[in-house]
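Here are my notes for someone opening this structure for the first time. Keep the viewer at hand while you read.

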Amino acid sequence: MPTVSQNALFGMGNPLLDISAVVDKDFLDKYGLKPNDQILAEEKHKALFDEIVKKSKVEYHAGGSTQNSVKIAQWMIQEPHKVATFFGCIGTDHFGEILKQKAAEAHVDAHYYEQSQEPTGTCAACITGDNRSLVANLAAANCYNKEKHLDVDRNWSLVEKARVYYIAGFFLTVSPESILKVAKHASDNNKIFGLNLSAPFISQFFKEPLMKVMPYVDIIFGNETEAATFAKEQGFETEDIAEIARRVQCLPKVNKNRQRIVVFTQGREDTVATVGDKVKMFPVLDIDQNDIVDTNGAGDAFVGGFLSELVQEKPLEECIRAGHYAANVIIRRVGCTFPEKPDFH
């Protein structure tokens, strides 16, 4: 088994504390939420955060899409510790301390940019059945500063140590210039850069920064809804997911040494991925509906499992298999949490 070096996997994104509770349809309607969505908090959602913390079974978990994924990757790898590096911005407060503690417990090498202007970001996870509606209040996460953090030599040297890079599309709303710097570094050095479409609103309202980074993307992840939204926004005029994957693969690319890989998950339906010039379907692991506790973090876990094998230079099929395994574990638990050790062979 190839040993993987420390800091081989680099992630950068919005570190958030998830505030998770089971709610009812009235709660969703009150705040104008769809049952299964990801949005940024607006003024009208302020009261939602006050209300959700008063729910009887509210739980707090370290979250943030990219941070979840690199944690899962580290969990799948187990040893050595600190294979995964994470950058993001937090506040100098209690929630920030929790995130630092949780990252350390997960053996992730987290280097946060800490500032006191804004409090640590939170994400309300409103659970109904096997749906989750996520409302993110970025706060401090939105204050990530390229000049004051990414460009600093001791931080950039950690970027240079990595072989695989992963950033969720959510970070395009925060620091597109940081993403571009990392993506170009990967492309120039024939390393692997992965990006997630993350949510429909990214393809809709952050189209320009998304398409600016796309030529540097070696692996693009997304779910069926995000894929459909991206296709619509790009004028693909098709709703066929395999065809969308093919079209995304063929978008312009700077590093011609690596053919772009497109991976679209579809919940319980087959995962769609480009394998060479073909598009293949990969069935997910069977699970009884009654065993699904909540699907929050399933997509992040899929990427985490995938990255854990990718960083060990395993073939695409193995990366997808590991992604399916990790997602299957996560949906049996609240939030993006996991047992002590994986059972993946």
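1. A word on what you're looking at. This is a predicted model, where local features need pLDDT of at least 70 and side-chain atom pairs count only at pLDDT 80 or more, while totals for chains, interfaces and linings use all residues. Residues are numbered from 1 along each chain as its sequence is written, and side-chain values use heavy atoms, with hydrogens and water left out.

2. How many helices and strands are there in the chain? You'll find 13 helices and 14 strands; these are DSSP runs numbered from the N terminus (helices are H or I with at least four residues, strands E with at least two).

3. On overall shape, the C-alpha trace spans about 55 × 45 × 40 Å along its principal axes.

4. Of the 345 residues, 57% count as buried (under 20% relative accessible area, with exposed over 50% and partly exposed in between, using a 1.4 Å probe and protein chains only). Among contacts with a separation of 6 or more, 74% come from residues 24 or more positions apart (contact means heavy atoms within 4.5 Å).

5. Now zoom in on strand β12, residues 261-266. Five of its six residues are buried, so β12 is largely enclosed by the rest of the structure. On one pairing, β11 (residues 219-223) runs parallel to β12 through five bridges (strands pair if DSSP finds at least two bridges between them), and Ile-219 stands opposite Ile-261.

6. β12 also pairs with β13 (residues 269-275), this time antiparallel with three bridges. Gln-266 faces Glu-269 there. The hairpin has two residues between the strands, and Gly-267 takes a positive phi near 60°.

7. Is Phe-205 buried or exposed? Phe-205, in helix α8 (residues 200-205), is exposed, with a relative accessible area of 61%. Its C-alpha atom is 9.6 Å from that of Glu-233, 28 residues apart along the chain.
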